[in-house]
Amino acid sequence: MELSRAIRTGYYTALNGNVTHKGSTVPVFDDFATAEGVDYPYILLSSQNNVQRFIKRCKNYDSTIVVDIVTGSNRPIGRADSEDIAEQIEDIINPNGLDCIDITANGYKIGNTFKIADNNIVSKNDVNYVYRKILTYSHIISKI
């Protein structure tokens, strides 16, 4: 499996059904929330970057992926909701200890995980105040 797809598949498997908000499961989408009638909040698996490291006789990569948490309300609230969801994601993606997302079934192994960015974007459309928390994770990955 191609590396970007292997990572997205691993993230989707790890997050889908395991992140909740006010008793409901937060849906996970690839790039865009395309389903009709999708309510806030939701999680987008977004931009990715992979660079092969220069190491003889094996393939190792520096990889990044953006996880975008989108919350919205008709009132100017939602920042705390995005932070609560981000905390759950952090516990799954980058827990204390050696546990990493398992992508070995896809032909790769994650060696290390780092959160390299945590950004907030606030906007308002015609109906809602939208809070987005954008998390960027970096991985060192080996082809197995």
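## Salt bridges

Arg53 is partly exposed, with a relative accessible area of 31%; on this scale buried means under 20% relative accessible area and exposed over 50%, with partly exposed in between, as computed with a 1.4 Å probe on protein chains only. The model described here is a predicted one, in which local features need a pLDDT of at least 70 and side-chain atom pairs count only at pLDDT 80 or more, while totals for chains, interfaces and linings use all residues. Residues are numbered from 1 along each chain as its sequence is written, and side-chain values use heavy atoms, with hydrogens and water left out.

Arg53 forms a salt bridge with Asp62, and the closest N and O atoms of the two are 2.8 Å apart. Asp62 also counts as partly exposed, at 32% relative accessibility. A salt bridge is taken here as a side-chain nitrogen of Lys or Arg within 4 Å of a carboxyl oxygen of Asp or Glu, and by this rule the count comes to six salt bridges.

## A network of charged side chains

Another salt bridge brings together the side chains of Glu90 and Lys115, at 3.8 Å from N to O. Glu90 lies in helix α2 and Lys115 in strand β6, so this pair ties together parts that are 25 residues apart in sequence; helices (H or I, at least four residues) and strands (E, at least two) are DSSP runs, numbered from the N terminus. Glu90 is buried, with a relative accessible area of 19%, whereas Lys115 is partly exposed, at 36%.

Lys115 also meets the side chain of Asp118 in a salt bridge, at 3.5 Å from N to O, and Asp118 counts as partly exposed at 35% relative accessibility. Through salt bridges that share partners, Glu90, Lys115, Asp118 and Lys133 are joined into one network.

## The sheet

Five strands form an open sheet with mixed pairing, in the order β3-β4-β5-β7-β6, where two strands are said to pair if DSSP finds at least two bridges between them. The strands at the edges are β3 (28-30) and β6 (108-124), each of which pairs on one side only. From one strand to the next the twist averages 25°. Strands of a sheet pair through backbone hydrogen bonds, either parallel or antiparallel.

Both senses can be followed along this sheet. β3 and β4 pair in the parallel sense over three bridges, and Phe29 stands opposite Leu44 in β4. β4 and β5 pair in the antiparallel sense over nine bridges, with Val67 in β5 as the bridge partner of Leu45. Strand β5 (residues 60-73) and strand β7 (residues 129-143) run antiparallel and are joined by 14 bridges, and Thr64 stands opposite Ser138 in β7.

## Helices and the sheet

Helix α1 lies across β3, β4 (42-52), β5, β6 and β7, and runs at about 150° to β4. Helix α2 (residues 79-93) packs on the sheet, touching β4, β5, β6 and β7, and its direction makes about 10° with that of β7. These angles run from 0 to 180 degrees between N-to-C directions, with axes as lines fitted to C-alpha atoms, for helices over the stretch in contact.

Ser4 is found in helix α1 (residues 3-15) and is buried, with a relative accessible area of 14%. Leaving aside its neighbours within four places in sequence, Ser4 is in contact with Gln48 and Asn50, contact meaning heavy atoms within 4.5 Å.

## Aromatic pairs

Rings of Phe, Tyr and Trp (its six-membered ring) are paired if their centres lie within 6.5 Å, and planes under 30 degrees apart count as stacked, over 60 as edge-to-face and the rest as tilted. By this rule the count comes to three aromatic pairs. The rings of Phe29 and Tyr42 have their centres 6.0 Å apart and their planes at 85°, so this pair is edge-to-face. Phe29 lies in strand β3 and Tyr42 in strand β4, so the pair ties together parts that are 13 residues apart in sequence. Phe29 is buried at 17% relative accessible area, and Tyr42 counts as buried at 14%.

The rings of Tyr61 and Tyr108 have their centres 6.4 Å apart and their planes at 70°, so that pair is edge-to-face. Tyr61 lies in strand β5 and Tyr108 in strand β6, so the pair ties together parts that are 47 residues apart in sequence. Tyr61 is buried, and so is Tyr108. Ring pairs also link Phe29, Tyr40 and Tyr42 into a cluster.
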